[in-house]
Amino acid sequence: MNIKSLIKKMRSPSSATLGSLLVAGFVAGIIFWGGFNTAMEATNQEAFCIGCHEMKDNVYQEYKDTVHYSNRTGVRATCPDCHVPKPWIHKMVRKIQASNELLHKALGTIDTPEKFEEKRLQLAQNVWRSMEKTDSRECRNCHDYESMDFVEQQRRAVTSHSIGLEEGKTCINCHKGIAHSLPALYEVDPSAVVGSAGH
Amino acid sequence: MKYSILAGLVLVGSSIFTSTITLAEEVKSLRGSTDIEAASNAVEIKKNINDKGPITRDYVQQPPLIPHKIKGYKINLKFNKCLTCHSWANYQKSGATKVSLTHFSGRDGEALSNVSPRRYFCTQCHVPQADVKPLVENSFKSVPTIK
């Protein structure tokens with residue numbers, strides 16, 4: 001068979017060839033897509049998140065003291081429940097952004113408690129900012145105004161939630177530092193930290 | 001006569017002895033009557049009162065009581081969770097009681113612009129409450145001028 005006839009044959013493949021191509025493509029598609037999503041899910045496990053000591057020794061320890069880790073009903077929110085969006089496209093964007101975190105892991109930017117504390121305000125503000133931008137989307141995966149019964153809430157909660165709802169506030173505006181320690185508040189709210197402004 | 005005095009002494013002595021025994025039986029340690037070798041029964045954990053209005057003071061100098069739960073509220077060098085609602089900058093927005101002016105002076109009475117470090121650790125004086133029966137009877141009555 002010379003080259004000319006081979007090209008001719010490829011230009012008009014038999015239906016059997018077309019069919020097997022289609023099947024092979026379909027199967028490969030399932031394998032790759034499934035494999036991709038499985039790998040993606042693997043990076044969405046708490047064990048993966050606390051694989052680096054920056055997380056494990058700092059924020060993870062603080063989280064273990066909070067209601068999102070242990071509570072009366074036994075429902076637990078793990079790292080990705082709050083920090084990775086559920087909608088696919090936003091999830092991909094967040095995963096790509098996470099490569100920056102890998103870079104700083106390699107650089108050792110926050111690899112000691114001192115370095116971590118130094119950066120805590122900035123890191124916290126990054127999370128606060130992104131949650132404000134998305135109207136606390138990840139919080140609302142579980143805590144939705146629509147399914148919140150104010151009658152069942154405590155006095156303090158009813159008052160604050162009513163005002164928040166009226167003013168169009170988002171969860172993170174008030175609920176800061178609920179799963180991790182707050183940063184030093186000198187710059188954020190000097191009235192809630194020891195010492196006079198400018199410490 | 002002699003015999004009756006002796007009998008009286010014996011009677012008094014024995015009654016003292018028995019009363020000492022009953023007294024010893026009445027005294028219970030915090031472990032209750034659990035044998036020293038056995039594991040003691042866990043004490044029931046008291047629940048804090050959550051979310052009431054301000055609790056009336058019982059005497060003028062009493063630090064006001066905390067009428068809500070404070071579980072997980074941290075007070076450290078970096079932040080004071082209580083002050084995120086009770087500070088002068090935040091109390092109006094949060095609807096909380098504001099920190100008393102007395103907390104804004106140093107140990108020599110000098111005026112400060114923020115809560116004094118010696119008044120910073122709220123829970124040294126202010127405590128949450130649990131609605132429980134007092135362990136011992138108490139006939140304390142608060143002064144009528146503040147009730």
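With which side chain does the side chain of S136(A) make a polar contact? The partner is the side chain of T170(A), at 2.6 Å. A polar contact is a pair of N or O atoms within 3.5 Å; within protein, one atom must be able to donate a hydrogen and the other to accept it, and residues adjacent in sequence count only if both atoms are side-chain atoms.

This is a predicted model, in which local features need pLDDT of at least 70 and side-chain atom pairs count only at pLDDT 80 or more, while totals for chains, interfaces and linings use all residues; side-chain values use heavy atoms, with hydrogens and water left out. Residues are numbered from 1 along each chain as its sequence is written, and chains are lettered from A and ligands numbered from 1 in the order in which they are written.

S136(A) sits in the loop between α7 and α8 (137–140) of chain A. Helices (H or I, at least four residues) and strands (E, at least two) are DSSP runs, numbered from the N terminus. S136(A) counts as buried because its relative accessibility is 0%. Buried means under 20% relative accessible area, exposed over 50%, and partly exposed in between (1.4 Å probe, protein chains only). Leaving aside residues up to four places away in sequence, S136(A) touches M131(A), T170(A), C171(A) and I172(A); contact means heavy atoms within 4.5 Å.

Next come the charged pairs. Side chains of opposite charge can pair when their charged atoms come close. A salt bridge here is a side-chain nitrogen of Lys or Arg within 4 Å of a carboxyl oxygen of Asp or Glu. By this rule there are 13 salt bridges over all chains. One of them joins K91(A) and E41(A), with 3.0 Å from N to O. This pair links distant parts of the chain, since K91(A) lies in helix α6 (residues 88–107) and E41(A) in helix α2 (residues 15–42) of chain A, 50 residues apart. K91(A) is buried at 12% relative accessible area, whereas E41(A) is partly exposed at 37%. Another salt bridge joins E167(A) and K169(A), whose closest N and O atoms are 3.1 Å apart. E167(A) is exposed, with 51% relative accessible area, and K169(A) is partly exposed, with 34%.

Chain B has 3 helices and 0 strands. Of its 147 residues, 20% are buried.

The size of an interface is often given as the accessible area lost when the parts come together. Buried area is that loss (1.4 Å probe), summed over both parts. Between chain A and chain B it is about 1700 Å², with 44% from carbon and sulfur atoms. R156(A), S191(A) and V194(A) supply 33% of the area that chain A buries against chain B, more than any other three residues.

Across this interface the rule finds 3 salt bridges. One of these pairs R156(A) with D51(B) at 3.3 Å, N to O. The pair runs from helix α9 of chain A to the loop between α1 (2–26) and α2 (83–86) of chain B. R156(A) is partly exposed at 33% relative accessibility, and D51(B) is buried at 8%. K74(B) also forms a salt bridge with D65(A), the closest N and O atoms being 3.8 Å apart.

Methods: Buried area = accessible area lost by both parts, 1.4 Å probe.
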